[in-house]
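Keep the structure in view while reading.

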Amino acid sequence: MLFRSSRGERPSGSSDVTVVVAEGQGTRRTAALALVAVTAVWGSTFGLSKDLITRLPVADYLGPRYLVAATVLLTVCPRLLRGMTPHTLKVGIGLGTLYAAAQLLQFHGLAHTAPTVSAFVVAMYVVFTPLLAATVPGRGVDRSTWLAVAVATAGVGVMSLRGWAFGGGEAMTLLAALLYAVHILALGRWARAGEAFAVTFLQLATMGVLLTTVGAADGLTLPSRADLPTFAYLAVFAGTITLLVQTWAQGHLDSGQAAVLMVLEPVWAAVFGALLWHEALGPRTLGGGALVLAAMLMVVARPAAEPLPEPPTSHA
């Protein structure tokens with residue numbers, strides 16, 4: 001496959017290929033930093049979601065949230081409907097179904113699990129992702145990624161674990177982590193950067209329809225007027241924008257590296273907990289957070305091994 005120079009011309013020598021390598025490395029780092037920003041938004045939602053689900057059943061909270069997120073995206077970018085293809089339909093609906101199941105398991109597991117243990121168990125997708133990737137032909141995991149995985153897992157464990165009895169809540173949360181890992185792998189394998197808007201809309205719409213249907217089975221409870229600002233933030237910023245950025249970013253990152261970056265979520269949760277809810281940052285939180293940040297730097301600073309191929313043409 002031919003590579004393009006920064007002006008879109010056919011390369012005529014090694015200097016042009018060097019430009020493409022540099023551009024590919026720059027895009028990869030931008031994608032990595034974008035995913036870090038996504039985890040910051042996710043981290044800010046822990047306290048908000050925990051408070052909201054004291055007044056709303058889990059499915060009643062999640063379903064309308066994702067329906068609103070899908071509606072906002074379609075309103076802002078109606079052209080995404082023209083990018084619908086059999087490929088985007090299959091990928092978007094499949095990914096949305098996976099994510100909806102993982103969300104239900106995680107939140108129901110949280111009701112029977114200590115929050116600190118739940119944070120560690122759900123973060124095990126950072127281990128499951130490269131393990132599953134290693135079983136896919138032609139998708140081995142390199143040593144630097146395994147090292148980052150080990151450091152990130154140790155960091156989350158130091159932050160979160162203070163005793164652990166494995167029961168039904170932990171089992172549901174562990175299954176949610178496995179589904180998140182499958183979602184990360186599938187998104188990295190089949191989502192195309194140029195189809196980010198269409199795939200994101202389909203994921204959000206699928207999650208919204210499935211979870212609202214579950215919630216409506218025993219009557220749907222909607223957020224009160226006082227909860228609407230929080231609900232809007234969770235739907236638009238922590239729903240529409242984060243999933244859109246994640247979909248684009250994973251079009252430029254290895255799945256194992258993406259999983260390492262996404263495990264920054266509990267670090268941000270601890271930071272926001274201290275800033276907004278006056279929770280204490282003890283030595284374990286600080287030490288574990290430092291290990292997770294070190295794992296992130298291993299991913300962000302890693303040099304590209306080869307030039308990146310020309311990205312797919314956008315249909316959105």
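In this predicted model, the axes of helix α8 (residues 196-216) and α9 come within 9 Å and cross at roughly 130 degrees. On the α8 side, the contact is made by A196, F197, V199, T200, Q203, L204 and M207. The partners from α9 are G239, T240, L243, L244, T247 and W248. Sorted by class, the residues of this contact are 8 nonpolar and 5 polar, with no charged residue.

Helix α9 (residues 228-249) also packs against helix α2 (residues 58-76). Here the angle is about 60 degrees, and the axes lie 8 Å apart. That angle makes α2 oblique to α9. The crossing of α2 and α9 is right-handed. From α2, the residues in contact are Y61, P64, R65, V68, A69, V72 and L73. They meet F231, L234, A235, V236, A238, G239, T240 and L244 of α9. This contact has 12 nonpolar, 2 polar and 1 charged residues. G239, T240 and L244 of α9 take part in the contact with α2, and G239, T240 and L244 are also listed in the contact with α8.

Helix α2 has a further partner, helix α3 (residues 86-110). The angle between α2 and α3 is about 145 degrees, and their axes are 10 Å apart. α2 passes α3 in a right-handed crossing. V58, A59, Y61, L62 and Y66 in α2 touch Y99, Q103, L104, F107 and H108 in α3. The residues of this contact divide into 8 nonpolar, 2 polar and no charged. Y61 of α2 belongs to the contact with α3 and also to the contact with α9.

| Helix pair | Angle | Axis distance |
|---|---|---|
| α8 and α9 | roughly 130 degrees | within 9 Å |
| α2 and α9 | about 60 degrees | 8 Å |
| α2 and α3 | about 145 degrees | 10 Å |

The other topic is empty space. Rolling a probe the size of a water molecule over the atoms shows where empty space is left. How many cavities of 30 Å³ or more does a search of the whole structure find? There are 2. The largest cavity has a volume of about 50 Å³. F46, A119, V122, A123, Y125, E265 and P266 line this cavity. Two or more lining residues come from each of α4 (115-122) and α11 (265-277). By class, the lining has 6 nonpolar residues, 1 charged residue and no polar residues.

Methods. Residues numbered from 1 in each chain as written. Predicted model: local features only at pLDDT ≥ 70, side-chain atom pairs only at ≥ 80, totals over all residues. Heavy atoms only, no water. Axes fitted to C-alpha atoms, helices over the stretch in contact; angles between N-to-C directions. Helix = DSSP H or I, 4+ residues; strand = E, 2+ residues; numbered from the N terminus. Parallel < 35°, antiparallel > 145°, perpendicular 65-115°, else oblique. Left-handed = near helix turned anticlockwise from the far one by under 90°. Contact = heavy atoms within 4.5 Å. Nonpolar A, V, L, I, M, F, W, Y, C, P; charged D, E, K, R; others polar. 1 Å grid on protein atoms, 1.4 Å probe; cavity = no way out; pocket = protein on both sides within 12 Å on 5 of 7 lines; lining within 4 Å. Points joined across faces, edges and corners; volume = space filled by probe spheres on them.
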